[in-house]
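Dear colleague,

Please find below the structure that I am handing over to you, followed by a summary of the findings.

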Amino acid sequence: MAYVDISDPPMYGSSDKATEVLKKYKEAQGIKDYWKDKFEEAYEYCLPNRESFYDESPGQRRTDKIFDETAVVGVQEFASRLQAGITPTFARWADFQAGSEIPTEQKTGINLELDKITDYVFQILQTSNFNQEIHEAFMDLAIGTGVMLVEEGDAVNPIKFTAVPLTRVCLNNGPDGKIDTVYRTRVCKPTEINILYPKAKLPENFDPLKQKKQIKLIEAIYKVHEDNVEKYKFCVVMENPKHILLEEMYTGEGSNPYLVFRWNKASGEVYGRGPVFNAMGAIKTCNLTIELILQNAQMSVSGVYTYEDDGVINPDNISLVPGSLIPVAPGSKGLLPIQAASNFDVAQLVLNDMRANIKKALYMEALGKPEGTPMTATEVSERMADLSRQIGSSFGRLQSELINPLLRRIIRILSKQGRIEIPKVNGREVKIAPRSPLAQAQHLQDVADVTRFNEIIAGTFGPQMINVIVNQNETAKYLAEKMNLPEKLIRSEQEQKAMVDQISQLAQQAEQPTEGGEAPPGA
């Protein structure tokens, strides 16, 4: 797909500039039109209660095509499983740590400060609407693409999250192949414009109180590629009359309020392809099979009949209900049922296979269903490790397109409000380390490798050789890092040295005899 340059148009009138922005919006909408039918089909079978990509009346029934609910339930469970694996509720699923460029002697002190900042950031997340909105975004991600809007809130809720449905946005790639252009469509009352955008400048001779129809607005944000600085231009355009309501420039890391993340994508494509696309054939087959079973069941219950057209029997007066009496003429055979052509039991074989394929595509059956006694910690770890292996590539994409930009955006907002202050050393800041259950599954594998190595050394050369071969202090630090222990739980090197000296002094005192020539009690 060719990159469409939407850098700032020349500074001419508001109407002309609005026309230029709307032109670029139409181009992005043209790209989305190629995907509309695929998205609409996926929404009809998997998310029937979501807004349609085409015009429809509010509250319109959209479940007429749903005969098998496996995919509908599967998408809900996929979103819940993904949330539990990547951004679990009431858990600390990421850490701020000192980067590799920060001097080693300063890392411990900085990590202690960053531990406190991390705790505060996740307190803000837990009291916000993040957990509700990320679940909605993950359901869109099952189709292929999720969009999250992260805005500055008020004094009570510092950050506000909004899951923007795919039906409301158009996307476009930048020269580096990454999404750097987002158009969002909004419809509001004229009197609500200044509430949504307090700095908006309405066009001349435009009285909101006299306008009866709702106004369509286009929010456009695109990256400005210049000066090797992360910079975004944000503008709000009124479609009729054409007018620029608001223009702002956002500069710096985490300045883009829109987070766009995809499950998977082909090279050069803008929109992602989710696991639902892989299972769409099985989903449609299941629905068709259930529909045929219901039709066959209706035929078996009500039946198909023949009658002699002798001018006496009136089929319009015949009602096939229990207890009904159907009068017939003497000598007439009346209604005769027709035997069904065949039994449709083979449908169960098709359904079992198709449902298994749907569950596998949506990662619903990792290591089978948990049955019997509650799962042990090892079983939970193995389930997460298995899920991590299955979605490894997509998990890496979510880390770079969702987790890292999300935390950078949160840091920017909280720093702007003066709630946190990120420590810097010579201009170098921190790195973001994932600590979600899926990331932790790989870390636990590293811990198991260390444990297995110690066991091999002890079994081969004897336990006394472990201290000779393995640096116990560095090993303990490595295990603490892999097991996500807070920095404050680990003693510093000075404290460890003081503890060793104290133990040595106690041992020496225990060996010294008392005045009577006897060793002290307990020596």
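Two strands are said to pair if DSSP finds at least two bridges between them; strands (E, at least two residues) and helices (H or I, at least four) are DSSP runs, numbered from the N terminus. This is a predicted model, in which local features need pLDDT of at least 70 and side-chain atom pairs count only at pLDDT 80 or more, while totals for chains, interfaces and linings use all residues. Residues are numbered from 1 along each chain as its sequence is written, and side-chain values use heavy atoms, leaving out hydrogens and water.

An open sheet is formed by 3 strands in the order β3-β2-β9, with antiparallel pairing. Its edge strands, β3 (159-163) and β9 (258-262), each pair on one side only. Strand β2 (residues 145-152) is joined to β9 over 5 bridges in the antiparallel sense. In β9, Y258 is the bridge partner of L149. Helix α4 (residues 130-143) packs on the sheet and touches β2, β3 and β9 (contact means heavy atoms within 4.5 Å).

Leaving aside neighbours within four places in sequence, its contacts are N111, L114, V430, K431, A433 and R435.

By contrast, L489, in the loop between α13 (472-482) and α14 (493-511), is exposed, with a relative accessible area of 57%.

With kind regards

Definitions and conventions: Axes fitted to C-alpha atoms, helices over the stretch in contact; angles between N-to-C directions. Buried < 20%, exposed > 50% of the residue type's maximum accessible area, 1.4 Å probe, protein only.
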